[in-house]
Amino acid sequence: GTTVHPTYGCAALLVFVISETRLQEYEGIIRSVSTWALNQVDIRGVAVVGSWARGTPSLESDVDLIVLTEAPERYIKSQSWIVEALGQEGTLVRTQRWGPVTERRVQVVSGLEIEFGFASVSWASTEPVDTGTVLVVRDGCRPMVDDARLFDSLKAATQ
């Protein structure tokens, strides 16, 4: 079955680091991206990584996401998915390749940037785990959608 992980009730912890408005914006984006991902037949997992996953965001923090898909080029070659994924308008501000992950950085009206890191499902391979993947996962990885438990297996393999 499909697994959608909650935002772990971090609100009390995060309020001291970021504004309530930014926290609500983050939670809205996470809900929207999770719903969108569940409706894409090629997406196998989405996880928050980086400072938001660690529970240490600041007002300058972007939202970093890893999206595991069977069709990364679908999201790399097009921008048509942005509004549906975010539930609001967004402007593509950068596309950059980082090894097996292609970043699609999108900025919303508030100024918040969301970094979608699109990767093939093989990014989460545990035999063996890529050293770059290990660094990303150990730096904070909170699965939001993980129907094949790819992130859970990856987290276990990198402990």
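Predicted model: local features only at pLDDT ≥ 70, side-chain atom pairs only at ≥ 80, totals over all residues.

**Surface first**

Residues are numbered from 1 along each chain as its sequence is written, and side-chain values use heavy atoms, with hydrogens and water left out.

**Cartoon view**

Switch to cartoon and you'll find seven helices and six strands (DSSP runs numbered from the N terminus: H or I of at least four residues for helices, E of at least two for strands). Tracing from the N terminus, the order is α-α-β-α-β-α-α-β-β-β-α-β-α. Of the 159 residues, 48% count as buried (under 20% relative accessible area; exposed is over 50%, partly exposed in between).

**Into the core**

Now select V33, W36, L65, W81, L86, I114 and F116: these have the most contacts inside the largest nonpolar core, a set of 29 residues (buried Ala, Val, Leu, Ile, Met, Phe, Trp, Tyr and Cys joined through side-chain atoms within 4.5 Å). Elements supplying at least two residues each include α2 (20-38), β1 (43-49) and β5 (113-120). The largest share, seven residues, comes from α2.

Centre on L86 next. Not counting residues up to four places away in sequence, L86 touches I29, S32, V33, V106, V108, I114 and F116 (contact is heavy atoms within 4.5 Å).

For a second, separate core of 15 residues, pick out A47, A119, L150 and L154, which are among its members.

**A stop at S51**

Jump to S51 in helix α3 (residues 51-54). Is S51 buried or exposed? With a relative accessible area of 11%, S51 is buried. Show its side chain together with that of S61: a polar contact of 3.2 Å joins the two (N or O atoms within 3.5 Å, where within protein one must be able to donate a hydrogen and the other to accept it, and residues adjacent in sequence count only if both atoms are side-chain atoms). Leaving aside neighbours within four places in sequence, S51 is in contact with T56, P57, S61 and D62.

Technical notes:
Buried < 20%, exposed > 50% of the residue type's maximum accessible area, 1.4 Å probe, protein only.
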